[in-house]
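Grab your viewer and work through these exercises with me. Each one sets a task and then walks through a solution.

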Amino acid sequence: FVTPTLALLLLLNTAAQAFISGGQRHALTPADDVSIDEHSEKKEGLLQIKSSRRNFLCSSVGGAGAVFGAALTAQPANAAAASSVVRVAEWPNLAYLEPICELSLSVSALAKTVGDTSKWPLVLKRLEKFFKGAFLSERNYYTGVAVTYMNEIKYDKSETNEYIKIDKSKRYEAFEACMKNLELLKNDISANESADNVKADAEAAQRALEDWFSYVPSEDVQAVGKLFVRVKSADTDRNGRLDDMELQALSEEDRSVWKKRVDLFGDI
């Protein structure tokens, strides 16, 4: 028997795989389309990017460590008991987690940016792009990536189906809450709602994603944040890709994870 929720998860997972096979990769940050510093310039009516998205993310939020440190301490009070005790035999490779790491940094950067109302048009432009495309939107793509991570979790053979269902449901609900608050943020900026409302939307999206990460082993959260920093450091030309020479700057373990991540989701 396939429930409506399970059918949706399977559909979103299919959408993610379609994006992946097409070599698509996205991340939510104003810097993907525009630089949000005060020196952005217009050319042919479009704001130009000043730096690579990965470089912007790390500099905007003070490095991956700060964001993931916050995620580690943000254990949600509403987390189901089943999720805290569910038995997992094997967690997914960090390659499945890294795109959500980048999304988390993006959402954190966004939460900082909305504090400046002069940047709202830029934030709105990026959010509109994030939600554009209906079924094949970036919003659905990232939900699909989160579902893919969830599907890669190997539960202990002795774990009950009921606890597994609860665990998956809580993970999905936390991620969906992030997406819904981002959409609310887009709508409230578009409607020129108060600065307090806009700030509350952004912070709610950030908290929801921290909630999602609270269901991930703390050592994996720390490890993927450190991997992000090392990859950024290895990307000396700041083009978002690691060529063969740049890959050599990584340890053998990091290279293995990064190559798998690129095979799964692309490298930019």
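A salt bridge here is a side-chain nitrogen of Lys or Arg within 4 Å of a carboxyl oxygen of Asp or Glu. Keep in mind that this is a predicted model, where local features need pLDDT of at least 70 and side-chain atom pairs count only at pLDDT 80 or more, while totals for chains, interfaces and linings use all residues. Residues are numbered from 1 along each chain as its sequence is written, and side-chain values use heavy atoms, with hydrogens and water left out.

**Exercise 1. Find the salt bridge partner of Glu159 and work out what the pair ties together.**

Step 1: Searching the whole structure turns up 9 salt bridges. One of them joins Glu159 to Arg87, with 3.3 Å between the closest N and O atoms.

Step 2: Glu159 sits in the loop between β4 (154–155) and α8, and Arg87 in the loop between α4 (81–85) and β3 (88–90), so the pair ties together parts that are 72 residues apart in sequence. Helices (H or I, at least four residues) and strands (E, at least two) are DSSP runs, numbered from the N terminus.

Step 3: Check accessibility, where buried means under 20% relative accessible area, exposed over 50%, and partly exposed in between (1.4 Å probe, protein chains only). Glu159 is buried at 6%, whereas Arg87 is partly exposed at 40%.

**Exercise 2. Describe the salt bridge between Lys170 and Glu173.**

Step 1: The closest N and O atoms are 3.9 Å apart.

Step 2: Both residues belong to helix α8 and are 3 residues apart, so about one helical turn separates them.

Step 3: Lys170 is partly exposed at 24% relative accessible area, and Glu173 is partly exposed at 42%.
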